[in-house]
Amino acid sequence: MKNILKILRPQQWLKNGFVFLPLFFGGQLLHFDLLLQCVVAFFAFSFAASAIYCLNDICDVEMDKLHPEKSKRPIASGAISKQMAHALMVACVAVSMLLLFIFSGLARFELMAIIGFYFCMNVAYCLRLKHIAIIDVLIIATGFVLRICVGGVATGIELSEWIIIMTFLLALFLAFAKRRDDVVLYESTGVAPRTHTNRYNLDFLNQVMTIISTITILAYIMYTLSPTVIERFGSKHVYVTAIFVLTGIIRYLQITIVDLKSGSPTKVLIRDRFLQACIMGWVASFLFIIYV
């Protein structure tokens with residue numbers, strides 16, 4: 001059971017919290033029926049993501065055996081066979097679709113289509129697209145946009161262009177930070193975590209991360225000052241939340257460039273108290289603006 005949980009990576013389900021963003025920003029977080037639909041969508045997406053983790057470990061088993069950390073993964077270490085991993089993948093997809101079919105009401109087929117597209121896109125990612133530099137991070141960022149689309153469809157809340165842009169930019173920033181960690185490992189050990197790691201280098205990634213982080217901060221400030229956003233929230237003080245976004249991005253740059261620990265964004269979020277404080281401050285600010 002321990003190894004099954006390792007390959008399903010439930011700790012990575014934290015990323016699927018993006019499903020709740022439309023509900024949160026739509027001011028409907030206290031609406032029980034919509035919240036329940038969001039919870040169902042969250043678990044359906046999470047099981048689909050776990051299916052992809054199984055496939056990823058199957059495809060990368062030989063590379064993982066050479067990696068200092070990934071060699072401990074269940075398939076690479078021999079704790080779970082490829083056949084069992086395939087069975088777990090199929091089971092996760094089945095559970096995901098059943099959850100949607102039984103509990104998602106009129107939106108079930110649209111949600112099944114979006115999550116099905118996410119699954120197919122990531123199958124292509126695991127089999128081929130992950131080996132193409134730049135395309136690989138675009139696929140990851142698109143996956144996060146699909147998460148908020150699932151949340152929007154599940155709750156019937158229309159997504160604004162701002163939430164789509166900001167989600168894509170933030171995910172792109174985190175994905176490039178992860179690639180930077182791969183390059184650092186490659187330069188220090190000579191072991192390439194991915195077949196296309198040599199298509200990146202530190203100078204390129206530093207410049208890309210600088211560009212994306214700058215665009216993200218500017219886009220967020222524009223969002224907070226948008227008349228439409230001010231009218232929607234009924235507050236002129238949305239700009240205050242930009243303090244937490246700016247501080248959080250700077251902190252993540254420090255973790256990436258100074259501490260060299262950006263290999264797993266989820267682990268960074270779980271362990272870094274400074275980053276947690278930035279996120280909590282950001283959430284608390286919006287809770288006050290929207291709900292109080």
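Reply: Start with the residues that meet. On helix H9, these are Phe-173, Leu-174, Ala-177 and Arg-180. Across from them, H12 brings Ile-249, Tyr-252, Leu-253, Thr-256 and Ile-257. Sorted by class, the contact of H9 with H12 holds seven nonpolar residues, one polar and one charged. Keep in mind that this is a predicted model.

Now the geometry. Two packed helices are described by the angle between their axes and by the distance between those axes. H9 covers residues 161-189, and H12 covers residues 242-258. They pack at an angle of about 15°, with axes 10 Å apart. Angles under 35 degrees count as roughly parallel, so H9 is roughly parallel to H12. The crossing of H9 past H12 is right-handed.

Next, the wider setting. The largest nonpolar core has 42 residues. Among them, Ile-7, Ile-75, Leu-111, Ile-115, Tyr-118 and Val-150 touch the most other members. Helices H1 (2-8), H3 (32-59), H6 (82-103), H7 (108-127) and H8 (135-155) each supply at least two residues of this core. H3 gives the most, with 13 residues.

Setting aside neighbours within four places in sequence, Ile-115 is in contact with Ala-44, Phe-45, Ala-48, Ser-96, Met-97, Leu-100 and Val-150.

There is also a second, separate core, of 41 residues. Its members include Phe-176, Val-183, Phe-233 and Val-245.

Note on methods. Residues are numbered from 1 along each chain as its sequence is written. This is a predicted model: local features need pLDDT of at least 70, side-chain atom pairs count only at pLDDT 80 or more; totals for chains, interfaces and linings use all residues. Side-chain values use heavy atoms; hydrogens and water are left out. A nonpolar core is a set of buried Ala, Val, Leu, Ile, Met, Phe, Trp, Tyr and Cys residues joined through side-chain atoms within 4.5 Å. Buried means under 20% relative accessible area, exposed over 50%, partly exposed in between (1.4 Å probe, protein chains only). Helices (H or I, at least four residues) and strands (E, at least two) are DSSP runs, numbered from the N terminus. Contact means heavy atoms within 4.5 Å. Axes are lines fitted to C-alpha atoms, for helices over the stretch in contact, and angles run from 0 to 180 degrees between N-to-C directions. Angles under 35 degrees count as roughly parallel, over 145 as roughly antiparallel, 65 to 115 as roughly perpendicular and the rest as oblique. A crossing is left-handed if the near helix is turned anticlockwise from the far one by less than a right angle, and right-handed if clockwise. Ala, Val, Leu, Ile, Met, Phe, Trp, Tyr, Cys and Pro count as nonpolar, Asp, Glu, Lys and Arg as charged, and the others, Gly among them, as polar.
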